[in-house]
Amino acid sequence: MPADPLHRAGNPQRSTTSQPPSGSGASAIEVRRSARRRRTVSAYREGDRTVVLIPARMSEAEEQRWVTVMLDKLAAQESKHKRVPGDTELAERADQLSAQYFDGRARPTSVRWVTNQNTRWGSCTPAEGSIRLSHRLQGMPEYVVDYVLLHELAHLLVPGHGPRFWRLLDAYPRTERARGYLEGVVAADRLPHPPSARGD
């Protein structure tokens, strides 16, 4: 189903307002159902409220799924308009995350963006204490970048991906959502994009 996040067409048939997921950046979400809207889903900011427009025939489960998708799309679009943090700010963010989730035990010697990682989102060399993040993360929602930073910070404490490693990441409440986002990006890259879906 193609989605146009900035399209506002269609007269609302009924609307519902709810509280957004933690950290979504809006105080409330208003879902407006339209009988005229057949296939497209769209969303836009209206003050501190996020308005999501969906077809009237959509089920409650589809509505919930599309609200999450559109919140992430809006956040990604908005973050593209923000200045990309440099290596110094990235290192500062890593220190903040280490202090918040790992009691400051993960102490990287360097944290930087790299352009030669096209199959991995991040990498870490524990012996050197160095962390590298793929430039492909630039413009993605902050919680996704934070997750990748935390993932690599955790490797400074636990080299492999065993139970101890994942227990460390359990401290970050948006781990599953961030992993789902990245999996979605990978899946979308592998799929052919029909003309109607380009530019979303």
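Predicted model: local features only at pLDDT ≥ 70, side-chain atom pairs only at ≥ 80, totals over all residues.
How many residues does helix 5 have, and what distance does helix 5 reach from its first C-alpha to its last?

Helix 5 covers residues 175-190, which makes 16 residues. From the first C-alpha to the last, helix 5 reaches 23 Å, close to the 22 Å expected at 1.5 Å a residue.

Four residues of helix 5 are buried: Thr 175, Ala 178, Tyr 181 and Leu 182. Viewed down the helix axis, these buried residues fall within an arc of 135°, so they line one face of helix 5. The face turned away from this buried side carries the exposed residues Glu 176, Glu 183 and Arg 190.

## Aromatic pairs

The whole structure contains 3 aromatic pairs. In one of them, the ring centres of Tyr 101 and Tyr 172 are 5.4 Å apart and the ring planes stand at 90°, so the pair is edge-to-face. Tyr 101 belongs to helix 2 (residues 87-102), while Tyr 172 lies in the loop between helix 4 (163-169) and helix 5, so the pair ties together parts that are 71 residues apart in sequence. Both Tyr 101 and Tyr 172 are buried.

Another pair is formed by Tyr 143 and Tyr 181, with ring centres 6.5 Å apart and planes at 75°, so this pair is also edge-to-face. It links distant parts of the chain, since Tyr 143 is in helix 3 (residues 142-157) and Tyr 181 is in helix 5, 38 residues apart. Tyr 143 counts as buried because its relative accessibility is 7%, under the 20% limit. Tyr 181, with a relative accessible area of 17%, is buried as well.

## Charges over rings

Arg 174 lies over the face of Tyr 143, at 4.2 Å from the ring centre. Elsewhere, the charged end of Arg 136 sits over the ring of Trp 121, 4.1 Å from its centre.

## Salt bridges

The structure holds 7 salt bridges. One of them joins the side chains of Glu 63 and Arg 33, at 2.8 Å from N to O. This pair links distant parts of the chain: Glu 63 is in helix 1 (residues 60-80) and Arg 33 in strand 2 (residues 28-34), 30 residues apart. Glu 63 and Arg 33 are both buried.

Glu 176 is exposed, at 58% relative accessibility, whereas Arg 179 is partly exposed, at 29%. Salt bridges that share partners also join Glu 30, Arg 32 and Arg 49 into one network.

Terms used:
Residues numbered from 1 in each chain as written. Heavy atoms only, no water. Helix = DSSP H or I, 4+ residues; strand = E, 2+ residues; numbered from the N terminus. Expected span 1.5 Å × (residues − 1). Buried < 20%, exposed > 50% of the residue type's maximum accessible area, 1.4 Å probe, protein only. Arc of directions from axis to C-beta. Phe/Tyr/Trp six-rings, centres within 6.5 Å; stacked < 30°, edge-to-face > 60°. Lys NZ or Arg CZ within 6 Å of the ring centre and 35° of its normal. Salt bridge = Lys/Arg side-chain N within 4 Å of Asp/Glu carboxyl O.
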